[in-house]
Amino acid sequence: MSSPEIIEEGAEAAKPAEPKSRKKLILIGAAAAVLLLGGGGGAAFMLSGSGAKAEGAKDGHGGAKDAAASGGHGEAAAGDAGKGAFVDVPAMLVNLRSPDGQARFLKIHFMIVPGDGIAPDGLKEKLPLVLDSFQPFLRELRPEDLSGSAAVFRIKEEMMVRATATLGEGQVKDILIQDLVQQ
């Protein structure tokens, strides 16, 4: 008879704990939702480019003049002063080849500088072809290929070769690597 009493006591003890755990779950869920919404809103603001345009106007570098010269993009290339614009490529995330079989990833964010006289909008239309040419190269990289300061230079050069082969000579002036993160 002592067995049923233990079960009843355990059942009664579990009942008061349920509302506390539900409250904790609700609070944790609400906090996670707030963080996700705040992070998403911040990312949308940063990616919208409105902050970069405001900075150019605030710096007094003739943001409106540069925007008109670059076709209304407001992103004049450094050293070109309105001759060209950067084509911002969304960050790419690819798997790396790993000899031990562990999952390793590379996140790369870069910009393409169009060649002289090349419209950035024309380059944006051909961007899927360029990204398709980069995929096999990036997926064949190994974690040890990314070590050292010369790794960024080698990756940049190989991407230039592939972009030139895909688009033609003089279409791409440079590739600017913004972020290169290995996990």
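Does Gln135 count as buried, partly exposed or exposed, and at what relative accessibility? Here is a walk through the model, with the answer in the first point.

1. **Gln135, to start.** Gln135 counts as partly exposed, because its relative accessibility is 25%; buried means under 20% relative accessible area, exposed means over 50%, and partly exposed is in between, with a 1.4 Å probe and protein chains only. Gln135 lies in helix 5. Leaving aside neighbours within four places in sequence, Gln135 is in contact with Met92 and Val94, where contact means heavy atoms within 4.5 Å. Gln135 and Leu93 are 42 residues apart in sequence, with their C-alpha atoms 9.8 Å apart in space.

2. **What you are looking at.** This is a predicted model, in which local features need pLDDT of at least 70 and side-chain atom pairs count only at pLDDT 80 or more, while totals for chains, interfaces and linings use all residues. Residues are numbered from 1 along each chain as its sequence is written, and side-chain values use heavy atoms, with hydrogens and water left out.

3. **The chain overall.** The protein chain holds 6 helices and 3 strands, and along the sequence they follow the pattern α-α-α-β-β-α-α-α-β. Helices (H or I, at least four residues) and strands (E, at least two) are DSSP runs, numbered from the N terminus. Of the 183 residues in the protein chain, 24% are buried. Among contacts with a separation of 6 or more, 61% are between residues 24 or more positions apart.

4. The 3 strands form an open sheet in the order 1-2-3, with antiparallel pairing; two strands pair if DSSP finds at least two bridges between them. Strand 1 (87-95) and strand 3 (172-182) are the edge strands, each pairing on one side only. On average, neighbouring strands of this sheet are turned by 20° against each other, direction ignored. Such angles run from 0 to 180 degrees between N-to-C directions, and the axes are lines fitted to C-alpha atoms, for helices over the stretch in contact.

5. **Strand 2 and its partners.** Strand 2 (residues 105-114) is joined to strand 1 by 7 bridges and pairs with strand 3 over 9 bridges, in the antiparallel sense. If you want landmarks, Val87 has Ile112 as its bridge partner, Val94 has Leu106, and Lys107 stands opposite Val181 in strand 3. Strand 2 is largely enclosed by the rest of the structure, because 8 of its 10 residues are buried.

6. **The core.** The largest nonpolar core has 25 residues, and those with the most contacts inside it are Phe110, Ile112, Phe134 and Leu138. A nonpolar core is a set of buried Ala, Val, Leu, Ile, Met, Phe, Trp, Tyr and Cys residues joined through side-chain atoms within 4.5 Å. Strand 1, strand 2, helix 5, helix 6 and strand 3 each give two or more residues to this core.

7. **Helix 5.** Helix 5 (residues 127-139) lies across strand 1, strand 2 and strand 3, and runs at about 30° to strand 1. Its 13 residues should span 18 Å at 1.5 Å a residue, and the end C-alpha atoms are 18 Å apart, which agrees; the expected span is 1.5 Å times one less than the number of residues. Leu127, Val130, Ser133, Phe134, Phe137 and Leu138 are buried in helix 5. Their cover includes strand 1, strand 2, helix 4, helix 6 and strand 3.

8. **Helix 6.** Helix 6 (residues 150-167) lies across strand 2 and strand 3, at about 135° to strand 3. The buried residues of helix 6 are Ala151, Ile155, Met159, Met160, Ala163 and Leu167. Down the helix axis they fall within an arc of 170°, so they line one face of helix 6; the arc is that of the directions from the helix axis to the C-beta atoms. These buried residues pack against strand 2, helix 4 (120-125), helix 5 and strand 3. On the other side of helix 6, Phe153, Val161 and Ala165 are exposed. After helix 6 comes Gly168, which has a positive phi near 110°.
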